[in-house]
Amino acid sequence: MAVIKVNQADFENEVLKADKPVLVDFNADWCGPCKMLGPVLEEISEQRDDVKIVSVNVDDNRELAEKYDIYSIPCIVVIKNGEEVNRHVGLIPKSAVEALIK
Amino acid sequence: MYDIIIVGAGPAGMTAAVYAKRAGKSVLVLEASGYGGQIIKAAEIRNYPTEKNISGVEFATKLYEQAEALGAEFRFEKVIGIEDKGSEKLVTTVADTYTAGAVIVATGSDSRKLGIADEDKLVGRGVSYCATCDGSFFRGKNVAVAGGGSTAVDDALYLSQLAEKVYLIYRTPKLSEEGAKEKLAEHENIVLMPECGITSLNADKKLESITVKHKDGTEENLDVSGLFVAVGRVPENQNFAKLIDLNEKGYAVSGENCHTATPGIFVAGDNRVKELRQLVTAAADGAVAATEAVKYLRTL
């Protein structure tokens with residue numbers, strides 16, 4: 001499954017009501033480290049079906065960024081049953097991303 | 001066993017990989033986060049020969065693809081130590097140990113921290129080391145900048161366009177940059193706080209305020225959502241201090257030949273003592289270090 005782009009409107013359905021853990025990647029077009037993280041997340045999403053990976057553009061979805069207190073990107077927030085269970089700020093390799101989902 | 005292990009996949013390390021591969025050597029590049037290093041935070045590069053204007057990500061990706069196409073192997077594991085066994089060097093990462101005839105340390109530098117309690121915990125929750133990266137999250141809020149150098153001044157000027165109020169906090173009586181005070185005075189929302197130190201970060205889930213101590217010992221609470229730390233950079237040589245001579249600031253002492261105190265271990269890029277830290281000088285170091293490593297391997 002590929003990384004899905006989500007926005008304020010479909011966040012509840014795609015993330016909060018999801019039937020498996022969701023890794024939310026908060027990013028922006030102008031953010032270099034975010035661009036490097038993108039392919040890593042794409043690779044994980046292709047390999048695993050026990051986790052859903054979604055991408056939120058913080059410029060287009062300011063309310064979401066504010067709701068989740070995003071002050072630096074890339075920021076990965078792991079959400080399970082609608083609740084945040086883990087987060088990481090900054091570029092990390094694939095193994096470290098996978099450790100967040102464990 | 002590899003011919004050459006390169007620690008760090010920034011411009012210096014990846015250029016070293018290109019040179020080492022072109023010399024016919026087997027190469028492993030070890031990197032703690034992602035390839036590119038600091039340069040990926042640059043929106044535009046306008047001073048690299050042949051490139052009129054290229055983004056840091058695009059530059060890093062081109063160099064990565066070049067090194068990979070030549071056959072350099074990349075692994076994304078943080079290196080925690082190097083052991084010198086003479087003709088063999090053992091490089092230990094968080095995941096494994098690798099062996100090589102020669103090692104090039106191209107680890108670059110990282111932002112210096114203030115060293116206050118909870119600073120690490122609040123990164124991404126109010127504490128930042130990059131105003132241009134994170135400033136836009138603080139629109140209309142109060143922020144502080146820690147530091148009295150030119151980066152701190154630039155950060156304050158940049159943030160003054162976004163934030164409601166910007167406190168510039170520094171330990172010295174004066175800012176180090178000539179004319180900085182005048183430049184800052186043009187912005188009504190910048191408050192200068194000389195001879196002050198930050199003593200605590202006050203947060204619940206995110207930064208709410210900071211406590212600042214004045215020269216006379218009085219303390220003051222400033223309500224800020226963001227603290228931008230601009231107190232310089234630290235070379236990432238700490239894990240290799242036994243094998244590489246470091247100067248008082250932690251930079252690897254080495255001449256233009258990129259040699260270190262240990263035969264077979266070389267340094268390249270921003271973590272080395274040098275006059276000018278630029279993309280082109282990092283790349284030049286990579287070329288020199290790889291060539292010297294290849295020469296060294298011939299002596300084994």
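In this predicted model, helix H2(A) passes helix H4(A) in a right-handed crossing. Two packed helices are described by the angle between their axes and the distance between the axes. For this pair, H2, which spans residues 32–47 of chain A, and H4, which spans residues 94–101 of chain A, the angle is about 55° and the axes lie 10 Å apart.

The contact itself is made from the H2(A) side by Leu37(A), Val40(A), Leu41(A), Glu43(A), Ile44(A) and Gln47(A), which meet Lys94(A), Val97(A) and Glu98(A) of H4(A). Sorted by class, the residues in this contact of H2(A) with H4(A) comprise five nonpolar, one polar and three charged.

We turn now from the helix pair to the boundary between the chains. The size of an interface is often given as the accessible area lost when the parts come together. Here chain A and chain B bury about 1700 Å² between them, with 64% of that area on carbon and sulfur atoms. Within chain A, the residues that lose the most area to chain B are Met36(A), Tyr71(A) and Pro93(A), which together account for 40% of what that side buries. Counted by contacts, 20 residues of chain A touch 20 residues of chain B.

Which charged side chains meet in a salt bridge? Across the interface of chain A and chain B the rule finds one salt bridge, and the side chains of Asp69(A) and Lys206(B) meet in such a bridge, at 3.2 Å from N to O.

Key. Residues are numbered from 1 along each chain as its sequence is written. Chains are lettered from A and ligands numbered from 1 in the order in which they are written. This is a predicted model: local features need pLDDT of at least 70, side-chain atom pairs count only at pLDDT 80 or more; totals for chains, interfaces and linings use all residues. Side-chain values use heavy atoms; hydrogens and water are left out. Axes are lines fitted to C-alpha atoms, for helices over the stretch in contact, and angles run from 0 to 180 degrees between N-to-C directions. Helices (H or I, at least four residues) and strands (E, at least two) are DSSP runs, numbered from the N terminus. A crossing is left-handed if the near helix is turned anticlockwise from the far one by less than a right angle, and right-handed if clockwise. Contact means heavy atoms within 4.5 Å. Ala, Val, Leu, Ile, Met, Phe, Trp, Tyr, Cys and Pro count as nonpolar, Asp, Glu, Lys and Arg as charged, and the others, Gly among them, as polar. Buried area is the accessible area (1.4 Å probe) that two parts lose on being put together, summed over both. A salt bridge is a side-chain nitrogen of Lys or Arg within 4 Å of a carboxyl oxygen of Asp or Glu.
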